[in-house]
Amino acid sequence: MYEPTHLRTFLAVAQTLSFTRAADRLGLRQSTVSQHVRRLEEATGRPLFARDTHRVALTEDGEAMLGFARTILQAHERAAAYFGGTRLRGRLRFGASEDFVTTRLPEILESFRREHPEVDLELTVELSGTLQARLAAGRLDLILAKRRGGESEGRLVWEDSLIWIGAPGLRLDPDRPVPLILYPPPGITRARALEALEAQGRAWRIACTSSSLSANVAAARAGLGVMAHTRGLVPPGLVPVAGLPELGDVGFVLRAGRRGGAVQEAADALAEAILAGGDRLHRPG
């Protein structure tokens, strides 16, 4: 009743909230994406998206379909692996951005390990810039990380805006330098924050620097300053801060190395699992 190809397309649109970005991710024409969604809606007899010329949003039935689509695709992939007689194996070095520490990424990884017990999954959590450097050096096989502005490489999992956040009640004196809580170089949000402030001619000072998300969040909760963060991943106890320059959007992408063989098969399988569960990556764990 529900074609796996149509379900994968539905998930891509649901996660990017864009038919254009979904088409880019899947390597399809936008008309094909629209056709897949229309056929799925015909199969369900319900509209799954509310859309106009400016925005795409899931309907209530579309939200319900998210869980069903993941379950159906997981069952389909398990059956294909079982009857195909192929078992993934080998050591897979996966790197994830610090941003995903508090999301439901661990659930996706746990499910992957359960379905592919002969894959030795090695996880590295680091800054996006560091992960990209390690991938380029051949020290990682697959990464889930932010994409720098102007880059087009990688399979888009999710896109969101960057905002300034801080403790509730924090007040910034417009006549004094902005106190910043930053990741160290080569942090992508660090670079974006400094570029935005300097473009506006706004003075700033560093109040805290740490490569640990929990340390930076603790500093922000203590009222030491503001930090640039993804809107969909704002930690509890912190709120948006107004009066500072816009930071633009950021994309989270999957990028794979070029090892080939069993490792490449395992990386491809994990990438598909993350793409299928991409909507859970901007929800609390």
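This is a predicted model: local features need pLDDT of at least 70, side-chain atom pairs count only at pLDDT 80 or more; totals for chains, interfaces and linings use all residues.
Confidence is lowest in helix α4 (residues 60–84), where the mean is 84, and highest in β7, at 97.

**The nonpolar cores**

- The largest nonpolar core holds 41 residues, and the members that touch the most others are Phe-94, Leu-105, Leu-144 and Trp-164.
- Elements that each supply at least two residues of this core include the strands β3 (90–97), β5 (142–147), β6 (155–166), β7 (178–182) and β11 (249–256).
- The helices α5 (105–115), α7 and α9 (261–276) also each supply at least two residues, and α9 gives the largest share, with 7 residues.
- Another core, of 21 residues, lies apart from this one, and Phe-10, Ala-12, Val-37 and Val-56 are among its members.
- As general background, nonpolar side chains in soluble globular proteins tend to be buried together.

- The buried residues of α7 are Ile-188, Thr-189, Arg-190, Arg-192, Ala-193, Leu-194, Ala-196 and Leu-197.
- Gly-201 follows α7 and has a positive phi, near 75°.
- In the loop between β7 and α7 you will find Pro-186, and the peptide bond from Pro-185 to Pro-186 is cis, with omega near 5°.

- In helix α6 (residues 128–136), the buried residues are Ser-128, Gly-129, Thr-130, Leu-131, Gln-132 and Leu-135.
- The cover over these buried residues of α6 includes β3, β4 (119–126), β5, α7 and β11.
- Just after α6 comes Gly-138, with a positive phi of about 80°.
- Helix α8 (residues 213–221) buries Leu-213, Asn-216, Val-217, Ala-219 and Ala-220.
- These residues lie on the same side of α8, because they cover an arc of only 160° around the axis.
- Gly-223 follows α8, and its phi is positive, near 80°.

- His-36 has a relative accessibility of 9%, so it counts as buried.
- Its side chain makes a polar contact with the side chain of Thr-9, at 2.8 Å.
- Leaving aside neighbours within four places in sequence, the contacts of His-36 are Thr-5, His-6, Thr-9 and Leu-28.
- Ser-34 lies in helix α3 too, and with a relative accessible area of 25% it is partly exposed.
- Ser-34 and Thr-20 are 14 residues apart in sequence, and their C-alpha atoms are 9.7 Å apart in space.

**Arg-147 in strand β5**

- Arg-147 belongs to strand β5 and counts as buried, at 15% relative accessibility.
- The side chain of Arg-147 reaches the backbone oxygen of Glu-153 at 3.1 Å.
- Leaving aside neighbours within four places in sequence, Arg-147 is in contact with Gln-132, Ser-152, Glu-153, Gly-154, Leu-156, Ile-188, Val-250, Gly-251 and Val-253.
- Arg-147 and Leu-254 are 107 residues apart in sequence, while C-alpha to C-alpha they are 9.2 Å apart in space.

**Leu-17 between two helices**

- Leu-17 is in the loop between α1 (4–16) and α2 (19–26).
- Phi of Leu-17 is near 50°, a positive value in a residue other than glycine.
- At 41% relative accessibility, Leu-17 counts as partly exposed.

Notes:
Residues are numbered from 1 along each chain as its sequence is written. Side-chain values use heavy atoms; hydrogens and water are left out. Buried means under 20% relative accessible area, exposed over 50%, partly exposed in between (1.4 Å probe, protein chains only). Helices (H or I, at least four residues) and strands (E, at least two) are DSSP runs, numbered from the N terminus. A nonpolar core is a set of buried Ala, Val, Leu, Ile, Met, Phe, Trp, Tyr and Cys residues joined through side-chain atoms within 4.5 Å. pLDDT is the predictor's confidence in each residue, from 0 to 100. The arc is that of the directions from the helix axis to the C-beta atoms. A polar contact is a pair of N or O atoms within 3.5 Å; within protein, one must be able to donate a hydrogen and the other to accept it, and residues adjacent in sequence count only if both atoms are side-chain atoms. Contact means heavy atoms within 4.5 Å.
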